[in-house]
Amino acid sequence: MFEWIRFVLGTGLLCIGAVTFLLEIFGVFKFKYVLNRMHVAAMGDTLGIGASLAGLMILFGFRFVTLKLALVLVFLWCASPVSSHLISRLEYTVDEDLEKFCEMKLQNKER
Amino acid sequence: MSRPIPEEEYGKRAGGAFKLWMRGIRDPYLGNVEVAPGAGAEEDEKRLKEYEAEKDQIIRKVYDIEHNRRYRLFRKFYRAAALVCCLTLIVMLLITVAYLPPVGSADNPAHNEVAAKYIEDGMQDTGAVNIVTGMILDYRAFDTFGESNVLFIATCTVLILMRNDKKKGKGSAEEEEKRDSHYEPKSDKILQTMAMVLVPFIILFGVYVILNGHLSPGGGFSGGAIIGAGLILYLNAFGFEKTERFFTAKTYKWISFSALSFYCIAKSYSFYTGAHHLESGIPLGTPGDILSSGLILPLNICVGLVVACTMYAFFALFRKGGF
């Protein structure tokens with residue numbers, strides 16, 4: 001019974017991760033604007049990776065490999081959002097017609 | 001009888017000029033071979049407008065897909081040709097695959113005595129649990145030495161092309177770097193905090209991969225790449241002022257030089273004693289210990305240092321033109 005629950009949970013999470021990655025690939029090629037594409041890619045790198053690795057951890061059970069997977073997850077969750085943040089900040093400083101694409105309070109914008 | 005000649009005249013003679021050039025006092029090519037910038041063309045309002053109109057017209061004519069028959073034809077031909085090329089390549093490769101020997105067959109050309117020798121005697125000969133490291137740093141150490149030297153030579157080439165010697169004023173390295181990264185986010189709090197957390201672990205992991213090269217997958221090349229990536233992350237987060245405290249061109253020079261020459265001397269000794277069937281006197285130790293397998297551990301450290309320095313030097317040279 002316990003084995004069955006573990007199997008269903010693990011494969012379910014893996015499937016969620018795979019679907020997220022599929023959506024990510026679709027979105028990266030469908031969207032045209034930088035921030036949209038960045039958002040999609042970052043979603044794949046956090047939610048997709050998180051779900052896939054959580055599924056794998058459940059499937060592996062308590063072993064040394066699980067700890068390694070958890071460390072990989074922590075590393076990716078640290079690194080990926082920061083890189084997305086840098087891309088968005090560069091876009092914010094460089095793009096001159098940002099107002100075309102997103103609503104923003106103009107008085108706060110320092111150029 | 002030789003008589004003393006004044007400095008001015010001495011510098012004009014061939015020998016004197018060569019000596020001055022050797023000492024780095026005078027460069028005979030400086031100011032002689034560079035192309036001088038030509039006088040800027042005068043801007044003419046009328047001609048500029050004519051040129052713009054012509055350009056617009058050409059673009060309109062060329063990209064007028066509805067009425068341009070040749071362009072349409074070309075597009076069709078382009079797609080058909082691309083398809084034909086791809087299909088030809090695919091068919092050729094598939095035919096080649098059909099002629100490959102079956103996977104796992106005992107009489108494949110890959111299954112010869114060399115691989116069997118490595119697998120059977122590898123641990124005994126080299127003392128390394130990781131056979132790959134035993135191969136690249138013991139059986140084929142000369143090849144790896146060449147690879148490390150290739151990295152060093154690549155850095156030298158980039159140094160020749162990208163070096164910016166100017167210290168102050170217009171066109172100096174700092175000015176150029178500031179101009180290039182004018183819009184880039186600088187001293188970003190989020191990046192700095194994350195780098196402060198991540199960089200020590202990345203570098204520690206790189207050191208672990210290098211030191212465990214003979215026990216587990218990894219080794220000098222991969223560990224050095226990890227350390228180099230950590231250094232580059234640190235540089236991106238905190239800028240050149242922080243990294244130049246511990247890593248300058250001088251550091252790079254000395255680390256690369258000492259690592260490569262240690263590799264050369266150690267391996268020359270090992271080759272010499274091996275070729276003459278002498279006792280080398282380097283203990284192999286028990287396989288599996290951290291201090292084992294003779295020369296492999298120090299050589300791994302050398303390769304790791306060279307790779308890490310090369311990665312960082314490439315980044316710094318492309319970014320600023322000096323470090």
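**Conventions.** I number residues from 1 along each chain as its sequence is written, and I letter chains from A and number ligands from 1 in the order in which they are written. Because this is a predicted model, local features need pLDDT of at least 70 and side-chain atom pairs count only at pLDDT 80 or more, while totals for chains, interfaces and linings use all residues; side-chain values use heavy atoms, with hydrogens and water left out.

**Entry 1, cores in chain B.** Buried is under 20% relative accessible area, exposed is over 50%, and partly exposed is in between, with a 1.4 Å probe and protein chains only. The core has 15 residues, and B:Leu137, B:Tyr263, B:Leu299 and B:Val303 touch the most other members. Two or more residues each come from α7 (141-162), α12 (249-275) and α13 (296-319) of chain B. Helices here are DSSP runs (H or I, at least four residues; strands are E, at least two), numbered from the N terminus. The largest share is that of α13(B), which gives six residues.

I then listed the contacts (heavy atoms within 4.5 Å) of B:Leu137. Residues up to four places away in sequence aside, B:Leu137 touches B:Thr144, B:Tyr263, B:Lys267, B:Ile296, B:Leu299, B:Asn300 and B:Val303. I also noted a second, separate core of twelve residues, which includes B:Phe247, B:Tyr252, B:Tyr312 and B:Phe323.

I took axes as lines fitted to C-alpha atoms, for helices over the stretch in contact, with angles from 0 to 180 degrees between N-to-C directions. The axes of α12(B) and α13(B) come within 9 Å and cross at roughly 150°. The two helices are therefore roughly antiparallel to each other. The cut-offs are under 35 degrees for roughly parallel, over 145 for roughly antiparallel and 65 to 115 for roughly perpendicular, with the rest oblique. The crossing of α12(B) and α13(B) is left-handed, that is, the near helix is turned anticlockwise from the far one by less than a right angle; clockwise would be right-handed.

On the α12(B) side the contact includes B:Tyr252, B:Ala259 and B:Tyr263, and on the α13(B) side B:Leu299, B:Val303 and B:Val306 are among the residues. By class I find 15 nonpolar, two polar and one charged. Ala, Val, Leu, Ile, Met, Phe, Trp, Tyr, Cys and Pro count as nonpolar, Asp, Glu, Lys and Arg as charged, and the others, Gly among them, as polar.

Helix α9 (residues 189-211) and helix α10 (residues 220-238) of chain B pack at about 165°, with axes 8 Å apart. This pair is therefore roughly antiparallel as well, and α9(B) passes α10(B) in a left-handed crossing. The contact holds 17 nonpolar, eight polar and no charged residues.

The axes of α5 (residues 113-126) and α6 (residues 131-139) of chain B come within 10 Å and cross at roughly 70°. That makes α5(B) roughly perpendicular to α6(B). Among the residues that meet are B:Lys117, B:Tyr118 and B:Asp121 in α5(B) and B:Ile131, B:Met135 and B:Tyr139 in α6(B). I record five nonpolar, three polar and four charged residues for this contact.

B:Gly304 is in α13 of chain B and counts as buried at 1% relative accessibility. Sequence neighbours within four places aside, B:Gly304 is in contact with B:Ile210, B:Gly220 and B:Gly224. B:Gly304 and B:Gly206 are 98 residues apart in sequence and 8.8 Å apart in space, C-alpha to C-alpha.

B:His277 sits in the loop between α12 and α13 of chain B. B:His277 has a positive phi of about 55° although it is not a glycine, and with a relative accessible area of 75% it is exposed.

Leaving out neighbours within four places in sequence, A:Ser80 is in contact with A:Ala42, A:Asp45 and A:Thr46. A:Thr66 lies in α3 (residues 64-94) of chain A and is buried at 13% relative accessibility.

Technical notes:
Core = buried A, V, L, I, M, F, W, Y, C linked by side-chain atoms within 4.5 Å.
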